[in-house]
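Colleague: Before I use words such as buried, pocket or sheet in my notes, could you take me through the reasons behind them, one term at a time?

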Amino acid sequence: MRIAVIGTGYVGLVTGVALSEIGHTVTCIDVDPVKVSQLNQGIPTIYEPGLKDLIQKNLTAGRLSFTSYHHEGLEQAEVVYIAVGTPQRTDGAADLKYVEQAALDIAGNISDNVIVVIKSTVPVGTNFYIRDFINQHTKDGIQIKIASNPEFLREGSAVKDTFHGDRIVIGAEDSATAGVIEAINQPFNIPVLKTDILSAEMIKYSSNAFLATKISFINEIANICEKMGANVEEVAKGMGFDHRIGPDFLKAGIGYGGSCFPKDTNALVQLAGNHHHDFNLLKSVIQVNNNQQSLLIEKIIQRFDDIKGKKVAVLGLAFKPNTDDIRESPALVMIPRLVELGAKVIAYDPIAIENTKRQLNCPVVYTTEIEEALSGADCTVIITDWPEVKNLDLSVFNRLMTAPIVFDGRNCYSLDSVRQSPIEYYSIGRPSSIPELIG
Ligand code: UGA
């Protein structure tokens, strides 16, 4: 099948590359010529394990190409995927300007009836709106069909998730359209749910909102555990054995970030509101998450009274490991607050430093060496559970820091190992470990 993909962000790039890997001829279109030139040389524009090899392999095989000229990809396409961003507007709703632009580009460049597939996360009802929008702008006689095919990949494991996803959701108006999209995806060998368009759009928002709810739920349980002396990890383990609950997404921490959960939960609250439904549960989920991001700061203030002039080592800037994405990362809330309190911040991250520098406008020293960050630090704050951080020999804190005081926002270390070391350790939803109290 000849496929065009508009947008080479996380979703578009991984989708285009994966579709070429299973045998389709794919042209990825992006308005940024610098990006396109880089991709045509086989250099990925995002950090994603496994992606580089797949890009290079399929470029060489002639099944994959990148262009910034819409007509090059669209004139011959049988199916066109829209995978552009839907950023958050100031009122919380999704901004559709890039999707609308893609629709205009499609309308102006297709030469035959095509199926347009919307991969971008769009408010319920958008597929119909875009279908009509394109059909109003096409050359005479050309009529497109639309299909909703939401994406469930995670950053950092996007390639793996695409080839080993739990389900493929296809929302279409008629069975012929759904059948074409199902056939395109057949080589992935992943269970397919064919449904109506509105339900497919809603599945995407509901899935992200439910996962965000699970995280805020366990974070609230963590906060209560701390007050009662229980251990949230044991609680989550005990809950997760129940197959109705499941063990995943019950990891307590300093809250969810990234480009999806914060944006999509806000958009769903907004969407519900537009239909006169006050989504109180989801509003609380968002509120819990916002509070969670300042928890460690409160603990630091409690411990030190005043951190003016103290050297604080921050380990991790990315919103989660295996990505250089810092969008909605707790680091963006916590570092400015630490600086405001007068701390001298030195921040470690293996790959997210450049993105952070572009975003953060406060005096921070950056390093890709953990040991450099820890040297002479008065306390350490863990924001991202990078393997490099999780696998640290705990003796390093005692060896390098002025005093080994660690605030762990991702529960990286077992309490047993911490208790066998001389570090003073505060984590999320677990008893603190203070050496002189242990004896
Ligand atoms: C999320 C969904 O997991 C994907 O299914 C979806 O396709 C994607 O959004 C999207 O809509 O595009 P992603 O944002 O890449 O994927 O990252 P996740 O791995 O889901 O993590 C999101 C946040 O939740 C991270 O900040 C992570 O640290 C946090 N998290 C996750 C927890 O705090 N606890 C957990 O147990 C799990």
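Modeller: What follows is a set of questions about terms, with answers that set values against definitions.

Modeller: This is a predicted model, in which local features need pLDDT of at least 70 and side-chain atom pairs count only at pLDDT 80 or more, while totals for chains, interfaces and linings use all residues. Residues are numbered from 1 along each chain as its sequence is written, and side-chain values use heavy atoms, with hydrogens and water left out.

Colleague: Which words apply to Asp416, Phe249 and His276?

Modeller: Asp416 has a relative accessible area of 55%, so it is exposed, and His276, at 77%, counts as exposed too. Phe249 has a value of 31%, so it is called partly exposed.

Colleague: Where is Thr27 placed, and how do you know what counts as a strand?

Modeller: Strands (E, at least two residues) and helices (H or I, at least four residues) are DSSP runs, numbered from the N terminus. Thr27 has its place in strand β2, which covers residues 25–29, and Asp416 has its place in helix α19, residues 415–419.

Colleague: What makes two strands a pair, and how many bridges join β1 and β2?

Modeller: Two strands pair if DSSP finds at least two bridges between them. Strands β1 and β2 pair in the parallel sense over five bridges, with Ala4 standing opposite Thr27 in β2. On β1 itself, residues 2–6, four of the five residues are buried, and the strand is mostly covered. Strands β2 and β3 also pair in the parallel sense, over four bridges, and here Val26 stands opposite Leu64 in β3.

Colleague: Which sheet do these strands belong to, and what is its order?

Modeller: They belong to an open sheet of eight strands, in the order β3-β2-β1-β4-β5-β6-β7-β8, with mixed pairing. Strands β3 (64–67) and β8 (192–195) are called edge strands because each pairs on one side only.

Colleague: What is the order of the sheet of six strands?

Modeller: That open sheet has the order β11-β10-β9-β12-β13-β14, and its pairing is parallel. Its edge strands are β11 (364–367) and β14 (424–426), each of which pairs on one side only. Within this sheet, five bridges join β9 (residues 311–315) to β10 (residues 344–348), and the bridge partner of Val314 in β10 is Ala347.

Colleague: What is the volume of the second largest pocket, and which residues are closest to its centre?

Modeller: The second largest pocket has a volume of about 330 Å³. Of the 13 residues that line it, Glu226, Lys227, Leu295, Lys299 and Gln302 are the closest to its centre. The largest share of this lining, five residues, comes from α13, and α9 (197–228) and α13 (295–304) each supply at least two.

Colleague: How do the residues of that lining divide by class?

Modeller: Ala, Val, Leu, Ile, Met, Phe, Trp, Tyr, Cys and Pro count as nonpolar, Asp, Glu, Lys and Arg as charged, and the others, Gly among them, as polar. On that basis the lining of the second largest pocket has four nonpolar, three polar and six charged residues.

Key
On a 1 Å grid over the protein atoms alone, a cavity is a set of points where a 1.4 Å probe fits but cannot get out, and a pocket is an open set with protein on both sides within 12 Å along at least five of seven lines; lining residues have an atom within 4 Å of a point. Grid points are joined across faces, edges and corners, and a volume is the space filled by probe spheres set on the points. Buried means under 20% relative accessible area, exposed over 50%, partly exposed in between (1.4 Å probe, protein chains only).
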